[in-house]
Amino acid sequence: MDRLGLALLAIVGVPLVTCGYLVVGERLLNELPPRVQRAIRPWLWLAPAIALLGVFLVYPTIETIRVSLYGPSSQHFVGLANYSYLASDAGLRLTIRNNLLWIVVFTAVTVALGLIIAVLTDRRRYENFAKAVVFLPMAVSFVGAGVIWKFVYDYQPAGAGQTGLLNAGLLATVPGFSPRAWLILDPINNLALIAVGVWVWTGFCTVILSAALKGLSREVLEAAKVDGANAWQIFLLVTLPCIAPTIAVVTTTMVIFSLKAFDIVYVMTSGNFNTDVLANRMYTEMFTNDNFGRAAAIAVILLVAIVPVMAINVRRFRRQEEQN
Amino acid sequence: MAHEARTSTTPSQETFRVTRRAALRGGLALLAVPLLAACSQSGSASSPTAAPTTASNPTAAPTTAATAHATAAATAQPTVAPATTTSAAPTAQSASSASKIGGSVSVLATWGGNEQKNFEAMVKPWEDQTGAKMNYEGTRDLNAVLATRVSAGNPPDLAGLPGPGQMAQFAKQGKLVDLSNVLDMNAMKQQYATSWLELAQAGGKQVGIFIKAALKGSIWYDVKVFQSAKYQIPKTWDDLMKLSNQIVSSGKTPWSIGLESGASSGWPAADLIDDIVLRQAGPDAYDKWYQGQLKWSSAEIKQAWQTWGQIATNPKMAYGGKQYMLSTNFGKAADPLFSNPPHAYLHYQASFITSFIEQDNPSVKPIVDYNFFFFPTINSQYDGAVEGSGDLFGMFKQTDQSATLIKWLTTPQAQSIWVKAGGALSPNKLVALDTYPDEISKESAQILSNGSIVRFGADDLMPTAMENAFWKGTLAYVNNPGQLDSILSHLDSVQADSYKS
């Protein structure tokens, strides 16, 4: 019962408190001279957001970096010992290789597929239906997607009835096909896992790229057609350069998501058979091996890997702001 | 945002022409919230409920089976069910308080599917008697889920502990309740063999108690198939290999092995290697090995892996080859023995597999259709070696409900319920031999209590990190037999690292 009370409190209380804070803050601010008001007002409105970000983003980041310099139970300072252990760990090298595979393949396939679907369905009658169908997997949680595809990839030896959709389908259509354990065989198991991620995220890329395509001015396209360009040339030389900023944003977003891939790997293979990724390794170190220091070190490695991507994004936003 | 400077009124003054009413409303809102918070806090008494974390159960969905692989070790003889006289327990022990206490208790363990049903049946009489409710949650990633919840300060009231290794870790952190204040220890000392009690102790305190036992090292076979093919039950490992080769030469695969188990995949292979080490290298080497004093790359341990490799890495020996082994759940791996025609003939697994066999093959009956023979001798000086296991329960939060429930679970009446349902042995001496539903479980119970060299599963005695690396190592070995040396040296480095604390 008190859980219900807490939930109601959160849903009703938080907006109430925020509004109350703003209303009372404004009331007090109006008492001050206008110049002081203008100086303080932005901070009044930003304060809650900055406070929340500080508590839930900034502090954990700093604390994680600090914990990575300590031992398994965060009691003894060990300096860079965790990092040197990870640097010499062959398993981690494999994990990083898998993450790179995810970054390259996952990003390329989702963006390319999203672009192709967006272009092919643009201004067609079935556009909304097609986009809805492609976007639908996004409503499924990663764990749900992992479970679904685990059934799809299921394996039974040749001669026994196939319980996996993929093996059953290929057995029926491809002559001379023997069933495969898709999640066991390296390196195809990595691609099988990436396929699940692609299935979930292509909808996101499609929708955003489709919106960008709608922003293309018709006159430019018609001018190109008048100049004698065929559809392929229009696509390559006119469409793509015009939506290049959107493609860049979608790409960086997909790179960030690929680095976060955990649920799919954890549910389908538990990181076995050379499919381990950094996020899964961090989970294992933290919860199974009870080693907070090493888990924090892996988190810091992930952070360092993401920072360049974020920097590109931020620089792009700044440039766009200047252009506007 | 408007860029022109406004001298008369600022946007905020226009949009937020604060009237007294609005200020009052805002002020009241600010005051009301802490009041609401205070009210809801006082409303919740010391609640025995713990919020079941829905995010903590990611691997429970795909299969119906769950691992009951929790084992513990004993260095003396644990007795299982020698009571030939009576199955009635002293009433003082079994009586929970007759008063209805209501409320609920949260329990976390690895059981799912049929095993979960049996556990719930075991708890039902307690629920009827106390009017309380058990909220059960099962997960195959018990190590991680339990550790997470404990460190988050949200532990279940009672939990099945993966093994004495992790139990000791929790006890050192001071998270487990000392059960000597909860259970009647005099009665426990009479009903449980000393070794069962000692195994569940850490730092001199009784922090856990076994409520179920199993015998490892049983090799299952289809009786009718063996009779018609006139196969002999092997008594030594060489005989077993001869039988396997005989089956291979008739064009069939003798063994069925399934290693998949979510985050704990590989544990059935670890069990087999434990058995081989015990019988091949002997109990002293076994003890040194699980205590981290014998290296994985030592001759004895490497030989054990290679012995197992005779079966596991030879595609002619194991049904479906490595693809089947690595992707098939352990609970389904006995099924190829009973298909028509059979795909395999031998299956190594602990005694609890009977409930899985009967669930998947309803027409198959014990003794008549399926039976087991005990693990053959490898080294005759270690004849009589027995590897057992048990399900260890611990208490994280002491409430009326959790205290009475754990007391109930230790009684012979409670344990008889699961024993009768099949697939379980009881560590309580007062559970009579005729409680066991069939000859198979009776035989398992007798073997467990009569063994001369008894040990518990080595992998569950190791620290969690070592155990995990062990499991994953077996998967890597099956996947890539040529990599054995590098696998063993990796296990050596984990061993050097994980026994430190």
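Two strands count as paired where DSSP finds at least two bridges between them. In this predicted model, that criterion gives an open sheet of three strands in chain B, with the order β8-β7-β9 and antiparallel pairing. Strands β8 (347-349) and β9 (370-374) of chain B each have a single partner strand and stand at the edges, so one side of each is left without a neighbour in the sheet. From one strand to the next, the twist averages 35 degrees.

| Strand pair | Sense | Bridges |
|---|---|---|
| β7(B) and β9(B) | antiparallel | five bridges |
| β7(B) and β8(B) | antiparallel | three bridges |

Strand β7 of chain B covers residues 218-222. On the β9(B) side, B:Tyr221 has B:Asn371 as its bridge partner, and B:Ser218 stands opposite B:Phe374. On the β8(B) side, B:Ile219 has B:Tyr348 as its bridge partner.

Burial of β7(B) can be described residue by residue. Five of the five residues of β7(B) are buried. Both faces of the strand are covered: B:Ser218, B:Trp220 and B:Asp222 lie on one side, with B:Ile219 and B:Tyr221 on the other.

At the level of domains, chain B is divided into domain 1 (70-84 + 99-213 + 390-456) and domain 2 (216-387 + 463-498). The C-alpha centres of these two domains of chain B lie 26 Å apart. Their contact takes 25 residues from domain 1 of chain B and 27 residues from domain 2 of chain B.

On the side of domain 1 of chain B that touches domain 2 of chain B, at least two residues each are supplied by α4 (113-130), α5 (142-151), α6 (164-172), α18 (439-450) and β11 (453-456) of chain B. The largest share of this side, six residues, comes from α18(B).

Within chain A, confidence is highest in helix α8 (residues 188-214), at a mean of 94, and lowest in helix α9 (residues 218-226), at 87.

Methods
Residues are numbered from 1 along each chain as its sequence is written. Chains are lettered from A and ligands numbered from 1 in the order in which they are written. This is a predicted model: local features need pLDDT of at least 70, side-chain atom pairs count only at pLDDT 80 or more; totals for chains, interfaces and linings use all residues. Helices (H or I, at least four residues) and strands (E, at least two) are DSSP runs, numbered from the N terminus. Axes are lines fitted to C-alpha atoms, for helices over the stretch in contact, and angles run from 0 to 180 degrees between N-to-C directions. pLDDT is the predictor's confidence in each residue, from 0 to 100. Domain bounds come from an automatic or database domain assignment. Two residues are in contact if their C-beta atoms, placed from the backbone, lie within 7 Å. A residue is buried if 20 or more other C-beta atoms lie within 10 Å of its own, exposed if 12 or fewer, and partly exposed in between; C-beta atoms are placed from the backbone.
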